[in-house]
Number of protein chains: 2
Amino acid sequence: MPSSLPFSAMGHKLTARSGILELMDDLGRAMTIEPDMRMLGGGNPAHVPAMQQIIRERMVQMLGEGDAFERMIGNYDPPQGNPRFLKAMAVLLQRSLGWNLGPENLAITCGGQTAFFYLFNLLAGKFSDGRRRKVLLPLAPEYIGYADQGIDADLFVACRPHITWPKGEAANEFKYGIDFEAVEAALKKEDIALMAVSRPTNPTGNVHTDAEIERLSVLAEEHDIPLIIDNAYGAPFPNVIFTEAKPFHAPHVILTMSLSKLGLPGTRTAIVVAPEKIASAMGAMTAIAGLANGNVGQQLALPWVESGQILEFGQQILRPYYAERSAHAQAWTREFFTAAGVHWALHASEGAFFHWLWLPDLKIPTRELYERLKKRKVLVVPGEYFFFGLEGDWPHSRQCLRLNYSGNADAVREGLKIIAEEAAKAS
Amino acid sequence: MPSSLPFSAMGHKLTARSGILELMDDLGRAMTIEPDMRMLGGGNPAHVPAMQQIIRERMVQMLGEGDAFERMIGNYDPPQGNPRFLKAMAVLLQRSLGWNLGPENLAITCGGQTAFFYLFNLLAGKFSDGRRRKVLLPLAPEYIGYADQGIDADLFVACRPHITWPKGEAANEFKYGIDFEAVEAALKKEDIALMAVSRPTNPTGNVHTDAEIERLSVLAEEHDIPLIIDNAYGAPFPNVIFTEAKPFHAPHVILTMSLSKLGLPGTRTAIVVAPEKIASAMGAMTAIAGLANGNVGQQLALPWVESGQILEFGQQILRPYYAERSAHAQAWTREFFTAAGVHWALHASEGAFFHWLWLPDLKIPTRELYERLKKRKVLVVPGEYFFFGLEGDWPHSRQCLRLNYSGNADAVREGLKIIAEEAAKAS
């Protein structure tokens with residue numbers, strides 16, 4: 001073997017020991033070869049029986065539809081996505097939400113992570129005129145998976161949030177709000193190419209209010225830049241949102257949607273809704289970097305999109321399921337952390353399927369708490385990873401854990417008990 | 001919408017109107033919304049009935065295996081690939097070919113195109129010490145899909161081949177051979193990070209001889225660089241090779257394999273066999289740029305890999321099928337081009353499912369011939385796209401077409417007749 005195998009500058013950047021790699025390695029191992037691990041890490045959606053039954057029936061139906069199965073596995077789609085699927089999705093969004101768009105505004109990518117890799121590096125980073133444009137995150141903590149995606153270094157600028165206690169501090173429930181003064185200052189100070197938020201937010205379960213989103217949209221328009229909304233958990237599907245929140249679209253908004261949280265992560269299917277120039281660029285980048293997308297997710301979902309049934313899954317199946325799981329996990333958290341005598345709070349659980357646990361008295365970084373918990377067969381995601389792009393030191397960034405409460409209920413309950421024990425030891 | 005939406009330097013590079021984008025757009029449209037197009041373009045594998053039956057039965061079997069289907073669609077795998085699949089593949093390669101490797105030498109990517117995007121940009125391009133290292137293609141024409149993959153410009157250096165007439169010029173059959181003098185000169189002149197060949201070669205159907213591959217391997221070792229062999233059509237699977245050729249592996253060789261040409265392009269599944277440092281880097285890059293791979297291809301193929309049955313598909317089903325299709329298309333080519341009075345030759349058809357047609361008297365670029373043929377509902381791939389990285393002008397590069405002969409037989413026959421007519425008009 002070659003003695004050194006040196007890596008390029010980009011190679012070094014994209015093979016660093018990233019948070020997302022650790023998270024996905026932990027997750028993948030727990031899902032495949034370490035079934036005894038109590039899995040509160042990772043972002044795997046729950047195996048929701050009613051939803052799984054629908055997906056299974058759809059595959060059986062496809063096997064009975066002439067050569068539909070053979071075409072799905074045996075043919076390449078165009079790089080921008082399956083034309084029939086794109087058309088059906090455009091019609092659905094027009095009809096159900098009144099959005100003014102067509103198939104030319106849509107592109108498929110191999111999952112939302114790939115969509116963001118393309119979007120960030122397409123719109124930000126080094127420009128041929130020498131400029132280095134950045135991505136502004138109006139509120140950190142923000143999704144761990146973005147952190148290492150810049151091919152160029154220092155891609156992100158992020159703002160600390162306001163912390164509020166909607167039900168009073170005694171209720172142990174806080175909510176992050178966007179600090180618009182900080183956002184406006186960053187827009188003035190830096191060369192910002194775009195703003196990006198996830199809504200519901202991964203990792204916190206925060207749902208930015210309609211007013212916040214509208215204000216971000218106005219700011220984006222004023223600065224002539226796109227606003228990307230990562231809608232992986234959002235409306236109109238999978239609609240894992242427990243509060244009132246309007247789906248938002250505007251000509252300068254790029255929306256990413258996904259089939260993963262509907263229950264199809266193994267198919268790697270995301271839908272980008274964007275200005276035509278951007279949607280077309282997604283197809284061009286897919287051709288060069290990946291040839292085409294996987295077809296399975298699109299073909300499984302096609303009749304649900306054509307009939308509009310995909311809009312019902314969230315309302316009827318997923319939202320009630322995850323809302324109940326969140327309520328149980330909240331009750332267990334209260335029980336175990338009160339019993340352990342640990343100072344704690346959860347971010348308001350407004351959507352997605354994570355609890356964001358804040359341990360203000362923790363004396364060790366959550367990176368270290370994560371290691372201790374892993375030894376006790378509990379996987380969590382340390383909060384440090386979600387605070388990229390911020391200036392200055394913020395102790396809060398070492399005091400939070402992301403907990404996926406959607407897995408096996410016994411494992412979640414046991415896991416929370418062990419976390420409370422370890423938090424007590426480390427406080 | 002934002003008034004300009006400027007693209008970064010990398011964005012410009014990866015959204016250029018690339019050959020691979022045109023090819024995949026043409027292909028995807030023909031496969032989905034233009035069924036009247038005679039499809040000799042693109043790289044879609046044939047729908048081989050016996051193989052399709054096996055894949056269908058496997059899906060039905062999986063649906064009957066408890067929650068195997070639910071785990072496949074509903075769980076994320078680790079970024080480097082499904083642990084059980086990687087282990088089974090390592091055992092298969094050890095056992096059947098005697099290769100000295102383990103699962104740590106393997107990584108899954110979302111198709112071979114993605115594997116090359118990662119590999120080229122990981123090992124070549126800009127280095128932090130200011131060097132710009134290049135990819136050496138020992139023989140152009142080489143696969144169109146590589147051409148635009150460099151995030152940095154001018155990634156490729158390529159060498160013209162020797163042209164030989166193994167059966168005499170009257171037989172209308174030529175073969176490209178590697179010009180080792182040119183290869184050694186390039187290795188001396190440029191800062192080469194790696195060499196890459198496809199075997200069987202896309203677009204020509206050339207199978208580099210065992211002696212050529214061994215000599216490239218020795219050169220790579222002497223220069224302390226990896227040799228990448230793109231084995232998408234090669235042995236041990238799918239084994240669409242019509243000559244004798246040994247599968248090749250060495251510690252400094254990176255081999256890419258794929259499930260696409262087995263009949264599963266819609267699942268986007270490639271397997272990279274590489275030094276552990278590289279395989280591990282593939283997983284890291286997948287985590288950052290794509291989170292995880294699609295699971296469907298790996299889970300469909302798993303029992304075939306565990307049982308070794310995957311080695312039989314080529315021998316028993318695919319090779320005889322494509323060899324027969326190649327023989328028919330060769331006979332039609334001879335018939336129509338002789339009748340049209342056009343000077344023609346085909347590259348020796350030694351593997352893959354393309355014929356590489358050389359029209360030495362053509363008076364227009366094949367880019368223009370492609371347009372004329374498209375108007376007559378025949379899709380081909382113009383040869384110009386496959387000659388990237390060469391120095392100087394070479395008229396030969398404007399005289400060749402890549403023809404996929406694996407589609408519907410009537411369409412191939414009619415297509416060849418129309419190509420001969422248009423070639424006569426343009427000669």
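Trainee: Happy to start with the pair: what rotation superposes chain A on chain B?
Mentor: This is a predicted model, where local features need pLDDT of at least 70, side-chain atom pairs count only at pLDDT 80 or more, and totals for chains, interfaces and linings use all residues. Residues are numbered from 1 along each chain as its sequence is written, while chains are lettered from A and ligands numbered from 1 in the order in which they are written. Copies are superposed by least squares on the C-alpha atoms of residues with pLDDT of at least 70 in both, and here the shift along the axis is 0.0 Å with an RMSD of 0.0 Å. That is the relation of a two-fold axis, and the rotation is 180°.

Trainee: What percentage of the contact residues of chain A recur in chain B?
Mentor: Two residues are in contact if their C-beta atoms, placed from the backbone, lie within 7 Å. The same surface serves both copies, and the share of chain A contact residues that recur in chain B is 100%.

Trainee: How many residues of chain A are in contact with chain B, and how many of that side are nonpolar?
Mentor: Chain A brings 90 residues to the contact and chain B brings 90. The contributing elements of chain A, each giving two or more residues, include helix 2 (19-32), helix 3 (49-63) and helix 9 (276-290); helices (H or I, at least four residues) and strands (E, at least two) are DSSP runs, numbered from the N terminus. Ala, Val, Leu, Ile, Met, Phe, Trp, Tyr, Cys and Pro count as nonpolar, Asp, Glu, Lys and Arg as charged, and the others, Gly among them, as polar. On the chain A side there are 30 polar and 11 charged residues, and the nonpolar ones number 49.

Trainee: At what angle do the axes of helix 5 and helix 10 of chain A cross?
Mentor: Residues including A:Phe85 and A:Leu92 in helix 5 meet residues including A:Leu302 and A:Val305 in helix 10 of chain A. Axes are lines fitted to C-alpha atoms, for helices over the stretch in contact, and angles run from 0 to 180 degrees between N-to-C directions. These two axes come within 9 Å, and the crossing angle is roughly 35°.

Trainee: Which helix gives the most to the side of domain 1 of chain A that touches domain 2?
Mentor: Chain A is divided into domain 1 (9-51 + 313-425) and domain 2 (77-309), with bounds from an automatic or database domain assignment. Their contact takes 43 residues from domain 1 and 40 residues from domain 2. With 7 residues, the top contributor on the domain 1 side is helix 11 of chain A.

Trainee: Last one: is B:Lys134 buried or exposed?
Mentor: B:Lys134 is found in strand 4 (residues 132-137) of chain B, and its C-alpha is 6.2 Å from that of B:Asp191, 57 residues apart in sequence. With 21 other C-beta atoms within 10 Å, B:Lys134 is buried.

Conventions: Buried ≥ 20, exposed ≤ 12 C-beta atoms within 10 Å, placed from the backbone.
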